[in-house]
Amino acid sequence: MARLDRREFLKSSLVIGAGLIGLSTEAQAGPKNVLSPDRMGVLVDTTACIGCRNCEWACKTAHDLPTNPLASYQDKSVFEKMRRPDDKALTVVNRYANPKDPDAPYTVKVQCMHCDHPACVSVCIVGAFSKQENGAVVWDTDKCIGCRYCMVACPFQVPAFEYETALKPNIVKCDFCAARRQGGELPACVETCPAEALTYGPRDELVRIARDRTKRYPERYVKGVFGEYEVGGTGWIYLAGVDFSALQFPKLGNNPAPGISESIQHGIFAYFVPPVALYALLGALMWVSKDWPEGEDEE
Amino acid sequence: MTMDHFTKPTPIQKKYLTPGVIVLILLALNGLAFLALRLFFGIGSVTNLNNQYPWGIWIGIDVAGGVALAAGGFTTAALGHVMNRKEYHAVVRPALLTAMLGYTFVALGVTIDIGRWYYIWHPIVFWNGTSALFEVGICVTIYATVLYTEFLPIVTERFIGHVALPGPLSRLDGVIDKLLRALERGLSKVMFIFIIAGVVLSTLHQSSLGTLMVIAGPKMHPLWQTPILPFLFLLSAISVGFPMVIFESMLAARSFGMKPEMAILSKLGAMTAPLLGIYLAFKIGDMFIRETFVYLTVLNTQSVMFMLEILLGVVVPLRMFLSRGVLKSPPLLFIAASLTVMGVLMNRINNFVVAYTPPYSFGSYFPSIGEVSVTVGFICILVLIYRAAVMIFPVISLPDKTLSPRARYTIRG
């Protein structure tokens, strides 16, 4: 340290600071996250769902996942246990008791909610998730490193991971049939649903339809549309005949999931000012603390 | 200077293999066997992780705990080099070595935990500025490079004047010696840049590590989930830095049959008290502002772990570090330091594993034998490399009678 003069010390410190500030202009790079006003969504009317599970079959078929023949989906014994989407099934249907009519239980289809402000898009270390203009939240296999932070962050606990795969395990979740829809087709589950429990359309339009239904049939629906406001709004929204918590919907606030952590991140890295300021402060502290050679060099 | 004797970093001359070392080697091999299973058959074959519990102790201990316990590196660098407190120089090099190895194993821990370990370099190419993990990843990468750079002068010091290559290569001895000297000169001019960068990078990623779990929102138990998590992580990292130095210095001293540097260590202990106090104040303050103390009235894993973390890991060592008797007594100081280290480690495990309560779990997560084996194996390999490193390089300070008051304390780490 003794061989370093003040001028050099200052000069180098300035170069570091400038370098960091330069970096900040590039740090804007990130994943695509579009919130188009025309984004599509699906309205799931759980009171209309008959629990046929045809959607499960159609989904597997559309995504080339191994599946038993459609007839086997008549088996209602699977309802005895609550199931979650995983790497072998992007959507599952669960059954819940109907307090008003024990003979007509509610069935609820579960899949990725395609949030308007997705936590997975926000947290993914390499930006492998993106929110597309068409409303789909999709995952890019070429970027993903398999860190599973998306699974930690997802408020609906949807993304699944191929734990049994040694090489190139995937993150697996509903992709809103992005490929099919590009070819002008409906999402596989919507197309196959025989009970018209699934309505595909512009998300904002669906919210209007859903509100209208709850108003017109107050005896059929509980108030509220799940997903209209939850975590800042979701692409898939739900209507129900009992309280949503009875159907195991998570209790979530209306703020987008990434809100707090993104503002912390942006606070710490506001144009790199805080780190650069800390660097300068420490540099100054080091400067005043160091033994400056006075006349006779300390060496 | 208040020191009554002068010391000089010297390679330790002891036998490498002892019964203890052989136990470490066996545990390391056991860990590597499970690691091989993970590489050949996937994460699911070795761990208890599933779609509900995507992160386990490999993240909680190897990564989050590892980063926190490597905090001795930047805290001693700030004290010894930035504030230029020469009397602490004897502990800077061991802390630097610990941090360097610690971060190496953090990187290894991340690599084996991610599904596609061969894509570990992706974050350098694909950026996502909104991701706290991206920030941690980049910062840890740069900081590890900084730590290796800070260690370079120790390598040059070891070999300058001692280059003796075997056989015909010995003709290159002179050239290599000159190169080493040039490297040493160059490094000594720019080292301050790396030292300050190391402290800045540490404050950044130590806190960002706390930001990681904020987005888990209600999936994290309210006793830990708070928007000031990044700040609490930073405070706890700063307060565990010196205890970790005390902990490892005393362990190393015992292992090599030397006397612990009580003159320095008790001062480090004394400085730890206010740091722990500030951490505790914010932790308790946060609890009262968010009124989460109500969760302590319920007896479950979370409330017990929280109480243990606070009482055994913060309050007891804080009280101990405030006592003059503890600071003067090697065994008591060691206990206080160990409790702090354990407390912060527990805090990281609690934040990443215990507090994580996903909405649709079919049971709770407990680490598998494979996970524990790999974690223990990694720690053992780290200790084995540390032992080899202090025997090869001048890291640990030994009394040196030939040395007059050390004037040439350049910034070297």
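**Close-up 1. The salt bridge between A:Asp291 and B:Lys86 in the predicted model.** In this predicted model, the side chains of A:Asp291 and B:Lys86 meet in a salt bridge at 2.7 Å, N to O, the term standing for a side-chain nitrogen of Lys or Arg within 4 Å of a carboxyl oxygen of Asp or Glu. Because A:Asp291 lies in the segment after α9 of chain A and B:Lys86 in the loop between α3 (72-82) and α4 (89-113) of chain B, the pair joins two chains; helices (H or I, at least four residues) and strands (E, at least two) are DSSP runs, numbered from the N terminus. A:Asp291 is partly exposed at 32% relative accessibility, whereas B:Lys86 is buried at 19% (buried means under 20% relative accessible area, exposed over 50%, partly exposed in between, with a 1.4 Å probe and protein chains only).

**Close-up 2. The interface of chain A and chain B.** The contact, defined by heavy atoms within 4.5 Å, takes 81 residues from chain A and 70 residues from chain B. Two salt bridges are found across this interface, and A:Arg148 and B:Asp113 meet in a salt bridge of 3.0 Å, N to O. Among the elements that give two or more residues to the side of chain A that touches chain B are α1 (6-26), α8 (259-268) and α9 (273-289) of chain A, and the largest share of that side, eight residues, comes from α9(A).

**Close-up 3. The salt bridge between B:Glu157 and B:Arg93.** The closest N and O atoms of B:Glu157 and B:Arg93 are 2.7 Å apart in a salt bridge, which links distant parts of the chain, with B:Glu157 in helix α6 (residues 132-159) and B:Arg93 in helix α4 of chain B, 64 residues apart. B:Glu157 is partly exposed, with a relative accessible area of 24%, while B:Arg93 counts as buried at 6%.

**Close-up 4. Helix α2 of chain A and its surroundings.** Within helix α2 (residues 54-62) of chain A, the buried residues are A:Asn54, A:Cys55, A:Glu56, A:Ala58, A:Cys59 and A:Lys60, and the buried residues of α2(A) pack against β2 (92-96), β3 (106-110) and α6 (188-192) of chain A. Just after α2(A), A:Asp64 takes a positive phi of about 55°.

**Conventions.** Residues are numbered from 1 along each chain as its sequence is written, and chains are lettered from A and ligands numbered from 1 in the order in which they are written. Local features need pLDDT of at least 70, side-chain atom pairs count only at pLDDT 80 or more, and totals for chains, interfaces and linings use all residues, while side-chain values use heavy atoms, with hydrogens and water left out.
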